[in-house]
Amino acid sequence: MNTDAILWALAVAAVLAAVVGSALGWAASHIRPDDDPLVARIDALLPQTQCGQCQFAGCRPYATAIAAGAADINRCPPGGEHTVRAIATLLDRPVCPPDPAYGVTKRPQVAWIDEERCIGCARCLPACPVDAIVGASRQMHTVIAAQCTGCELCLPPCPVDCIELRPAGPAVGNARRVA
Amino acid sequence: MTQLLLLALGASLVNNFVLSNFLGLCPFVGVSRRFEAAAGMALATLFVLTIASGLSFALWQWVLVPLGMEYLRTLGFILLIAGVVQFTEIMVRATSPLLHQLLGIFLPLITTNCAVLGVALLNVERQHGLLESLVFGASAGAGFGIALLLFTALRERLALADVPAAFRGTPVALVTAGLMALAFMGFAGLGTR
């Protein structure tokens with residue numbers, strides 16, 4: 001073993017590393033991940049009520065539409081002016097008032113089930129976008145207040161109208177994210 | 001052909017990399033809590049193992065042996081494996097962000113999955129050709145996947161079982177893995193290689 005052999009081994013290892021590295025670099029720049037960081041940043045500003053009042057399936061699809069320029073930024077009633085202003089700042093767009101066509105801004109609220117009247121039909125369970133209702137067929141249901149976003153999507157399916165919305169406490173559910 | 005079939009059978013069942021050679025135990029225990037993650041891990045490892053065994057054969061046969069630098073094989077193979085794993089991560093992130101989130105740190109950790117390096121080194125030691133190397137790598141990956149998926153299914157059931165307090169979590173998982181290894185010894189009658 002002399003110095004030459006060591007240098008050759010080093011050279012071979014270095015060439016190998018360079019080949020692997022440049023192949024990776026090429027792959028990283030040519031295979032683009034789908035997740036647009038802008039979508040994630042807009043999504044973070046939305047209230048995550050998943051209420052669908054913007055006519056999209058949830059907050060993330062709406063964020064995707066905003067990022068693609070397919071939707072206005074004022075379609076989020078639960079977020080209200082606060083959210084419009086935050087998104088306008090992020091995207092450097094003019095602030096516009098929330099569009100009343102998609103609903104009006106309400107105070108943060110949570111659903112509450114009148115357990116006396118609940119018949120345990122379980123129809124409100126699949127309607128809840130955040131799985132905040134616990135219960136099973138012929139069992140009384142109740143709402144996990146900390147998970148509830150107050151989206152009102154559980155109201156239409158209830159056959160006995162035993163769900164009502166009550167103002168949320170300061171530290172509950174969406175109140176934390178909207179305020 | 002028969003020989004290739006025997007090779008595949010040997011690497012995937014008889015000498016299962018996890019349960020009889022005890023290689024790749026880290027992801028075997030780490031990613032076996034949820035079936036979706038385990039399935040993703042099994043597929044990613046299969047992919048990495050197949051590609052890495054082909055590439056390491058090429059490196060060995062056409063670079064290291066002609067240059068007389070067989071002693072560089074460990075370093076060279078690790079470099080190649082790290083590259084392939086990184087490539088897999090880029091692919092997974094581009095095609096399935098959800099899977100990328102589920103696998104988390106275990107995806108880059110395939111680099112240190114000793115089964116991958118083990119396959120590359122065993123290919124050299126047993127003087128496999130290119131096709132044999134690929135078959136050996138793929139069937140080792142399939143064997144790893146089979147063991148991981150079976151183990152995950154068992155653990156998902158165990159999570160609901162009433163396990164004595166002293167055995168909860170990892171201890172009972174390791175006992176399960178031991179019993180699985182015993183069961184896999186039954187494949188020894190299939191003919192060895």
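This is a predicted model: local features need pLDDT of at least 70, side-chain atom pairs count only at pLDDT 80 or more; totals for chains, interfaces and linings use all residues.
Residues are numbered from 1 along each chain as its sequence is written, while chains are lettered from A and ligands numbered from 1 in the order in which they are written.

**Confidence**
- Chain B averages a pLDDT of 88, and 98% of its residues score at least 70.
- For the complex, the predictor gives an ipTM of 0.75 and a pTM of 0.65.

**Make-up of the chains**
- Chain B has 8 helices and 0 strands. Helices (H or I, at least four residues) and strands (E, at least two) are DSSP runs, numbered from the N terminus.
- Chain A has 6 helices and 4 strands. Along the sequence they follow α-α-α-α-β-α-β-β-β-α.
- Chain B has 193 residues, of which 40% count as buried. A residue is buried if 20 or more other C-beta atoms lie within 10 Å of its own, exposed if 12 or fewer, and partly exposed in between; C-beta atoms are placed from the backbone.
- Chain A has 179 residues, of which 26% count as buried.
- In chain B, 81% of the contacts with a separation of 6 or more link residues 24 or more positions apart. Contact means C-beta atoms, placed from the backbone, within 7 Å.
- The corresponding share in chain A is 61%.

**Nonpolar cores**
- The largest nonpolar core has 49 residues, and B:Val48, B:Ala52 and B:Val116 have the most contacts inside it. Such a core is a set of buried Ala, Val, Leu, Ile, Met, Phe, Trp, Tyr and Cys residues joined through C-beta atoms within 7 Å.
- Helices α3 (35–67), α4 (73–95), α6 (114–125), α7 and α8 (170–184) of chain B each supply at least two residues of this core. The most come from α3(B), with 14 residues.
- Another core lies apart from it, with 15 residues, among them A:Ala132, A:Cys151, A:Cys158 and A:Ile163.
- Beyond four places in sequence, B:Ala52 is in contact with B:Leu80, B:Ile81, B:Val84, B:Val116, B:Ala120 and B:Gly137.

**B:Gly54**
- This glycine is found in helix α3 of chain B.
- B:Gly54 counts as buried because 20 other C-beta atoms lie within 10 Å.
- Not counting residues up to four places away, B:Gly54 touches B:Leu130, B:Ser133, B:Leu134 and B:Gly137.
- B:Gly54 and B:Val135 are 81 residues apart in sequence and 9.2 Å apart in space, C-alpha to C-alpha.

**Helix packing: α1(B) and α7(B)**
- The axes of α1(B) (residues 2–14) and α7(B) come within 7 Å and cross at roughly 35 degrees. Axes are lines fitted to C-alpha atoms, for helices over the stretch in contact, and angles run from 0 to 180 degrees between N-to-C directions.
- The residues of this contact divide into 10 nonpolar, 3 polar and 1 charged. Ala, Val, Leu, Ile, Met, Phe, Trp, Tyr, Cys and Pro count as nonpolar, Asp, Glu, Lys and Arg as charged, and the others, Gly among them, as polar.

**Chain contact**
- The contact takes 15 residues from chain B and 15 residues from chain A.
- On the side of chain B, α4(B) gives the largest share, 11 residues.
- By class, that side has 11 nonpolar, 3 polar and 1 charged residues.

Terms used: pLDDT is the predictor's confidence in each residue, from 0 to 100. Two residues are in contact if their C-beta atoms, placed from the backbone, lie within 7 Å.
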